[in-house]
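Hi,

Here is the structure I promised to pass on to you. Please open it beside this email, so that you can find each residue as you read.

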Amino acid sequence: MIVTCVKVYVKKEHIDDFIKATVQNHSMSVKEPGNLRFDVLQSINNPAEFTLYEAYDSDESSAAHKNTPHYQVWRDTVAPWM
């Protein structure tokens, strides 16, 4: 199993936009072959802090995620919000 934990700090004015875009990415990511989990966690103490927890069954499945259209749209959309 390959697990990736990504810590993200979002500009406060983009928190709601980030959540919307990330939920869309999540909904497609959990359908990918080899995806075991994809959790989006928001800090209680700091609403601008998020952790993305991704688990895949192999290095190949994890790498393939970064080549999916939904991931690439998410990445390009949220980059200026962080």
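A word on the ground rules first. This is a predicted model, so local features need pLDDT of at least 70 and side-chain atom pairs count only at pLDDT 80 or more, while totals for chains, interfaces and linings use all residues. Residues are numbered from 1 along each chain as its sequence is written, and side-chain values use heavy atoms, with hydrogens and water left out.

**The sheet and a helix**

Strands of a sheet pair through backbone hydrogen bonds, either parallel or antiparallel. In this model, three strands form an open sheet in the order S1-S3-S2, and their pairing is antiparallel. Helices (H or I, at least four residues) and strands (E, at least two) are DSSP runs, numbered from the N terminus; two strands pair if DSSP finds at least two bridges between them. Strand S1 (2-9) and strand S2 (35-42) are the edge strands, each pairing on one side only. On average, neighbouring strands here are turned by 10 degrees against each other, direction ignored. Axes are lines fitted to C-alpha atoms, for helices over the stretch in contact, and angles run from 0 to 180 degrees between N-to-C directions.

How many bridges join S2 to strand S3? There are seven, and S3 covers residues 49-56. To see the pairing for yourself, find Gln42, which stands opposite Phe50 in S3. Helix H1 (residues 15-29) lies across S1, S2 and S3, and runs at about 170 degrees to S2.

Trp81 sits in the segment after helix H3 (69-78). Its relative accessibility is 15%, so Trp81 counts as buried (buried means under 20% relative accessible area, exposed over 50%, partly exposed in between, with a 1.4 Å probe and protein chains only). Leaving aside neighbours within four places in sequence, Trp81 is in contact (heavy atoms within 4.5 Å) with Tyr9, Val10, Lys11, His14, Asp17, Phe18 and Ala21. The side chains of Trp81 and His14 make a polar contact at 3.4 Å. A polar contact is a pair of N or O atoms within 3.5 Å; within protein, one must be able to donate a hydrogen and the other to accept it, and residues adjacent in sequence count only if both atoms are side-chain atoms.

Glu32 lies in the loop between H1 and S2. Glu32 is buried yet has no salt bridge, and the nearest side chain of opposite charge, Lys66, is 9.0 Å away. For charge, Lys and Arg count as positive and Asp and Glu as negative; His and the chain ends are not counted. The Glu32 side chain does make a polar contact with the side chain of Tyr56 (3.3 Å).

**Salt bridges**

A salt bridge is a side-chain nitrogen of Lys or Arg within 4 Å of a carboxyl oxygen of Asp or Glu, and by this rule there are three. One of them joins Lys7 and Glu49 (3.0 Å, N to O). Lys7 lies in strand S1 and Glu49 in strand S3, so this pair ties together parts that are 42 residues apart in sequence. Lys7 is partly exposed at 48%, whereas Glu49 counts as buried at 18%. Arg37 and Asp39 also meet in a salt bridge (2.7 Å, N to O), as do Asp76 and Arg75 (3.0 Å, N to O).

Happy exploring!
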